[in-house]
Amino acid sequence: MDLILLYLGSGLTLIWGVAHLFPTKSVVQGFGEISIDNRRIITMEWITEGLALIFIGVLVAAVTVIDSSNVVSTAIYFISAIMLLVMALLSLFTGFKVRFLPFKLCPFIFTASAVLILIGGLI
């Protein structure tokens, strides 16, 4: 167990999740004139990704604080890293193609967080 790597991975995930919440309004406005339903869907999805990242970061940090070496913690580290890698893959094929720089950063940040959590928790 490397607690520093676990906290770095969870912290990076948590911070990137919080960073998703602040620009929500401007991201939605960037779509221009769209229906109110589409506006709501984009808002919901943008906030949902931020909350999912916050949840993963808090969950990894919480199990690390409570007991980083038990089997449940190990399972949480593995499942969280897999989810981050799935999100990285999704972002690579979608948001990475957008000209807005933060979208291009998502696959790298998700992958870095997953690697930190995997190395910190499983090796």
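Q: Which residues does Ile117 touch, not counting residues up to four places away in sequence?
A: In this predicted model, Ile117 touches Leu6, Gly9, Ser10, Val60, Tyr77, Leu84 and Leu122, where contact means heavy atoms within 4.5 Å. Residues are numbered from 1 along each chain; local features need pLDDT of at least 70 and side-chain atom pairs pLDDT 80 or more, whereas totals for chains, interfaces and linings use all residues. Side-chain values use heavy atoms, with hydrogens and water left out.

Q: Why is Trp46 called buried?
A: Buried means under 20% relative accessible area, exposed over 50%, and partly exposed in between (1.4 Å probe, protein chains only). Trp46 has 14% relative accessibility, so Trp46 counts as buried.

Q: What makes Phe103 partly exposed?
A: The relative accessible area of Phe103 is 22%, and therefore Phe103 is classed as partly exposed.

Q: Why is the pair of Trp46 and Phe103 called edge-to-face?
A: Rings of Phe, Tyr and Trp (its six-membered ring) pair if their centres lie within 6.5 Å; planes under 30 degrees apart are stacked, over 60 edge-to-face, and the rest tilted. Here the centres are 5.2 Å apart and the planes stand at 65 degrees, so the pair is edge-to-face.
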